[in-house]
Amino acid sequence: MTSTLLERPATSTALDIRPMTGTCGVEVLGVDLAGGIDADVVAEVRRLLAERGVVFFRDQSLTPDTHRAFASLFGPIVSNPVYDHVPGHPDIMPVVKEAADKYNIGDTWHSDMSYMEEPPLGSILYAREVPPFGGDTLWTNMTAAYDALPETLKTMLDGRRALHSDRFLTERLQERNAGRSTRLREDRVGKELNALHPVVRRHNESGRPALYVNYPFTWAFEGMSREESLPLLNQLVQHATRPEFCCRFRWQKGSLAFWDNRCTMHYACNDYQGYRREMHRITIAGPRPA
Ligand code: SIN
């Protein structure tokens, strides 16, 4: 698949940048992503990603090719190993809830694919059809969450590791697929993906520490059982999802969210029963957490 969008030389483009909250999320207005992006816009989006965790654009008109081309400006694309893809586009994941579906994708606070040795740098979600109400997505800034921890807890967590696993998805695969249009791949049953990651990771671009645990995929702290780990895990997720670290995005057709998976978690609200929502997601390769 070829890229139809080229990064153009820097032209000192002035962007209209609007922070969403005190810590998380920023809207960037006045950019037509399908029309080509200046190198300084790419650099600014990278900076905003690391600082605010998620960057939003509205009123975009993207095809799978221009979506892919935009994503490619930030790194190689990785296919999701667990979910089916958009027919004809192995590198694009459909995030679709039909009107009759019971379940959506992502209604737990999570960081994408943290069960991989090298989880993605980020994901780019593009809204093709949205319900008349509901279906918002929330993000939380895990750098801000880490900064706000008591110093004693920071000292306790620094240098520790946790096991991440995709068993949350695959153990209930049949039940989840029965009520959902975006399907987990049947051939994943019995094949666990897992990886050990630092509980506090340093962002490879900003250098800042961020909490790196999430509800569905962090299975246990190293040297502890699942049962022994759950109280601390729940406490950290509860702390990290305090409203002060979060933003909430109301989607419109043509909205696009680009989140930094190294320093955020996100949560997709399943509150629009009876209506259809269709998104396309492309995920960009990331470094091994360190
Ligand atoms: C996801 O977790 O990637 C889905 C987010 C959403 O549909 O808003």
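Seven helices and 18 strands make up the secondary structure of this protein, counted as DSSP runs numbered from the N terminus (H or I of at least four residues for helices, E of at least two for strands). It's a predicted model, where local features need pLDDT of at least 70 and side-chain atom pairs pLDDT 80 or more, while totals for chains, interfaces and linings use all residues. Residues are numbered from 1 along each chain as its sequence is written, and side-chain values use heavy atoms, with hydrogens and water left out.

As for overall shape, the C-alpha trace spans about 50 × 45 × 35 Å along its principal axes.

Now to the ligand. Around it sit Val95, Ile105, Gly106, His110, Leu125, Thr137, Trp259, His266, Ala268, Arg277 and Arg281, each with a heavy atom within 4 Å of it. Three of these reach its oxygen atoms with polar side-chain atoms: for Arg281 the distance to a ligand oxygen is 2.7 Å, for Arg277 an N or O atom is 2.8 Å from one, and for His110 the figure is 3.0 Å. Polar contacts here are pairs of N or O atoms within 3.5 Å; within protein, one must be able to donate a hydrogen and the other to accept it, and residues adjacent in sequence count only if both atoms are side-chain atoms. The protein covers 100% of the 260 Å² of accessible area that the ligand has on its own, by the Shrake-Rupley method with a 1.4 Å probe, with only the protein chains shown counting as cover for residues.
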